[in-house]
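Subject: Structure handover

Hi,

Here is the structure you asked for. Please open it alongside this note; the findings follow below.

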Amino acid sequence: MKKILVLALVAVMMLGVFAVAQAEEPVKVGICIYQFNDNFMTLYREELQKYLEETYGAEVTVVDGKNDQNTQTDQVNSFIAEGVDVLIVNLVQATAASAVTALAQEAGIPIVYINREPSEEDMAAWEGMICYVGADARQSGSMQGQIVYELPDHGDINGNGTVDYVMIQGDMENVDAQYRTEYSIKYLTDNGVEVNKLFEQRGDWMQENGQQLAATALAQFGTEIDVIFCNNDAMALGAYQAITEAGRKMNEDIYLLGVDALDEAVDLIEKGEMTGTVLNDHIGQSHKAADVAIQVANGEPLDAYYWVDYQMITGE
Ligand code: BGC
């Protein structure tokens, strides 16, 4: 009897050792963010890390590129030296993709690019092992234009026959800035609306810059301005402060548009204090990026692109 018990115990212990040896090592993920000082990318990276850890038990390290490509390239090299299984990279400069891909390719480490879309040519450089996860910024631009077009006056709030607008742009390193600038206006002109650009400047996605640029435009053009388009909500929140300070009445004598659907912007829209925004789905994008990063770390090839839709947000 005793012998049987001892044998059983030994068998159980051996099974235990076997199970430990079999237990998979956590997937090591190195995440490079272009800079931590960005409202939208803060929501994105927090969700990305949480989801990777909670859903996949991944070992995640996130680093701040401080808006400097050299810093970020060093960080990529460190991750490669540490032997991460997969990289998730939000480039500082989209044009650095070919150099970053080459580094990873040499080490055989796949890359999921997020938020700043590299060129098509760069995305074709290493098939199955690199991809881009993002939203098509043409769509967000068109949606901003559509929100304005669907207003009773099609955006011509001062009734002078043209939509006189101010454009506050993001950092052009992100094609989102280029496409949102172009497609918001294209939607209006495609629908026969006459437009007139009064002012266009870069605010590099930052709230303070949005406030300052909107204040400058308001001082210069006053009631001539019908619409202030901002390439993102952070800058729109800044513009909102400037508009209030200038004593203008939102949706009565001026319209204001952003992109991202930050909580603060959605609150303003609900109160009629901002005209509209477009949901830039950081949850959908971060989950997709995490899913495909784990997929490729487990040896399954990637598609070149994974797209997540935008969604219009208005007072209705
Ligand atoms: C977002 C911006 C953000 C930028 C960073 C854009 O997609 O709309 O809010 O600052 O990405 O690259």
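How far does a polar side-chain atom of R116 lie from an oxygen atom of the ligand? The distance is 3.0 Å. Two further residues place side-chain N or O atoms by ligand oxygens: D260 at 2.6 Å and N280 at 3.3 Å. Alone, the ligand would expose 310 Å², and the protein buries 100% of that. Accessible areas come from the Shrake-Rupley method with a 1.4 Å probe, and for residues only the protein chains shown count as cover.

Before you read on: this is a predicted model, where local features need pLDDT of at least 70 and side-chain atom pairs count only at pLDDT 80 or more, while totals for chains, interfaces and linings use all residues. Residues are numbered from 1 along each chain as its sequence is written, and side-chain values use heavy atoms, leaving out hydrogens and water.

Ligand surroundings

The residues around the ligand are Y34, D38, F40, N115, R116, N174, D176, R180, W205, N232, D260 and N280.

N280 has a relative accessible area of 3%, so it counts as buried (under 20%; exposed is over 50%, partly exposed in between, with a 1.4 Å probe and protein chains only). Its side chain makes polar contacts with the side chains of D260 (3.0 Å) and Q285 (2.8 Å). A polar contact is a pair of N or O atoms within 3.5 Å; within protein, one must be able to donate a hydrogen and the other to accept it, and residues adjacent in sequence count only if both atoms are side-chain atoms. Leaving aside neighbours within four places in sequence, N280 is also in contact (heavy atoms within 4.5 Å) with residues including F40, R180 and Y310. D136 is 144 residues from N280 in sequence, yet the C-alpha atoms are 9.9 Å apart.

The whole chain

The protein chain has eleven helices and twelve strands. These are DSSP runs numbered from the N terminus: helices are H or I with at least four residues, strands E with at least two. Of its 316 residues, 50% are buried. Among contacts between residues at least 6 apart in sequence, 73% join residues at least 24 apart. The C-alpha atoms fill a box of roughly 95 × 45 × 30 Å along the principal axes. The chain carries 16 positive and 51 negative side chains; Lys and Arg count as positive, Asp and Glu as negative, and His and the chain ends are left out.

Other buried positions

T275 lies in the loop between α10 (263–270) and β10 (276–279). Its relative accessibility is 7%, so T275 is buried. The T275 side chain makes a polar contact of 2.7 Å with the side chain of N251. A polar atom of the T275 side chain also lies 2.8 Å from the backbone nitrogen of L256.

G203 is in the loop between β7 (195–202) and α8 (207–221). At 0% relative accessibility, G203 is buried. Beyond four places in sequence, G203 is in contact with I168, Q169, N209, L213 and M235.

S286 belongs to helix α11 (residues 282–297). S286 is buried too, at 0%.

Best regards

How values were computed:
Charge placed at Lys NZ, Arg CZ, Asp CG, Glu CD. Near = heavy atom within 4 Å.
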